[in-house]
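Please look over the sequence and the model shown here.

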Amino acid sequence: MDVFYETFLPAGIEPAEMVLVAGIFFIAALIKGFLGIGLPAAAMAFLTLIMEPTTAISLMILPIVFTNFVQFNRSENRRQIAIKYKWFAAAIMTSIFVTSLFITSFPTAMLTVAIGSVSYTHLTLPTTPYV
């Protein structure tokens, strides 16, 4: 069983902690399913309670890409949506790349405050529906 843990679990994460992480992603996915947005905000708010922000950020990449890909594929007018949001998508990809280069140079306390502030703002401010 140790070979399984060493192969499939990230280094330094215990199996019980991985179950907790999976539960957090499940709840965040429910939020995204109901609202269409919110996976990163909900997941990061809870992940940073049990692990370092840099680890939490690295765990977010695949779920964000996967859920956005599924959401995009379910849309009816993919070409129009891609054209409409091309600059937004380019900005997101650029910011993810730049963040990944410099994430380890920021103090953990600063990352925790930034993630908490963004999560609080995102989850508490009223949103308007997309037109």
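## Contacts and fold

Among the contacts (heavy atoms within 4.5 Å) in the protein chain between residues at least 6 apart in sequence, 53% join residues at least 24 apart. The protein chain has seven helices and zero strands, giving the pattern α-α-α-α-α-α-α along the sequence; helices (H or I, at least four residues) and strands (E, at least two) are DSSP runs, numbered from the N terminus.

This is a predicted model, in which local features need pLDDT of at least 70 and side-chain atom pairs count only at pLDDT 80 or more, while totals for chains, interfaces and linings use all residues. Residues are numbered from 1 along each chain as its sequence is written, and side-chain values use heavy atoms, with hydrogens and water left out.

## Surface

The protein chain exposes about 9900 Å², of which carbon and sulfur atoms supply 72%, as computed by the Shrake-Rupley method with a 1.4 Å probe. Of its 131 residues, 20% count as buried, that is, under 20% relative accessible area, where exposed means over 50% and partly exposed lies in between (1.4 Å probe, protein chains only).

Helix H6 (residues 86-102) gives four residues, the largest share, to the nonpolar patch. Met 110 belongs to helix H7 (residues 108-124) and is partly exposed, with a relative accessible area of 43%.

## Helix H3

Buried residues in H3 include Leu 39, Met 44 and Leu 47.
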